Amino acid sequence: MSRASRAQLPSTYARLLARALRLDVEGQKRLLAGTRLSPADLDRLEPMITVAQQATIVSNAIAIANRPTFGLEVGAFLPLA
């Protein structure tokens, strides 16, 4: 297994996407489709997810949002570092 395939990210960004989309549990299931994650996983404080899972979640979020301004909306939630 390559180093890149083992890379993990905080699930904070997945929670942010769910919040930006104002998803209920059923919507969260759609957001997490194809990741083997559940809405309960979004509630845990510090779970890590794989890069592949994050990519799937972002793709699902874009499809759910179905609006060209979605990236700007999510960006408004992110603090500048």
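1. Start with Arg-44. Its relative accessibility is 47%, so it counts as partly exposed. This is a predicted model. The side chain of Arg-44 meets that of Asp-41 in a salt bridge, at 3.3 Å from N to O. Asp-41 has a relative accessible area of 19% and is buried, because the cut-off for buried is under 20%.

2. Two other pairs deserve a look. A search of the whole structure finds 3 salt bridges. Glu-26 pairs with Lys-29, with the closest N and O atoms 3.2 Å apart. These two residues are 3 apart in helix H3, so about one helical turn separates them. Glu-26 is partly exposed at 49% relative accessible area. Lys-29 is partly exposed too, at 43%.

3. Glu-73 and Arg-67 form a salt bridge through their side chains, 2.7 Å from N to O. Glu-73 counts as partly exposed, at 27% relative accessibility. Arg-67 also counts as partly exposed, at 34%.

4. The largest nonpolar core has 17 residues. Leu-21, Leu-31, Ile-57 and Phe-70 have the most contacts inside it. Helices H2 (12-20), H5 (51-65) and H6 (70-75) each give two or more residues to this core. H2 gives the most, with 5 residues.

5. What does Leu-21 touch beyond its neighbours within four places in sequence? Its contacts are Leu-31, Ala-61, Ile-64, Ala-65, Arg-67 and Phe-70.

6. Look next at H2 against H5. Their axes come within 10 Å and cross at roughly 10°. The two helices are therefore roughly parallel. H2 brings Tyr-13, Ala-14 and Leu-17 to the contact, and H5 brings Gln-54, Ile-57, Val-58 and Ala-61. By class, that is 6 nonpolar residues, 1 polar and no charged.

7. Is Gln-54 buried or exposed? It counts as buried, at 10% relative accessibility. Setting aside residues up to four places away in sequence, Gln-54 touches Leu-9, Tyr-13, Ala-14, Leu-17 and Ile-49.

8. Last, H2 itself. Its buried residues are Ala-14, Leu-16, Leu-17, Ala-18 and Ala-20. They pack against helices H3 (25-31) and H4 (39-43), strand E2 (48-50), H5 and H6. H2 is followed by Arg-22, which has a positive phi near 55°.

How values were computed. Residues numbered from 1 in each chain as written. Predicted model: local features only at pLDDT ≥ 70, side-chain atom pairs only at ≥ 80, totals over all residues. Heavy atoms only, no water. Core = buried A, V, L, I, M, F, W, Y, C linked by side-chain atoms within 4.5 Å. Buried < 20%, exposed > 50% of the residue type's maximum accessible area, 1.4 Å probe, protein only. Helix = DSSP H or I, 4+ residues; strand = E, 2+ residues; numbered from the N terminus. Contact = heavy atoms within 4.5 Å. Axes fitted to C-alpha atoms, helices over the stretch in contact; angles between N-to-C directions. Parallel < 35°, antiparallel > 145°, perpendicular 65-115°, else oblique. Nonpolar A, V, L, I, M, F, W, Y, C, P; charged D, E, K, R; others polar. Salt bridge = Lys/Arg side-chain N within 4 Å of Asp/Glu carboxyl O.
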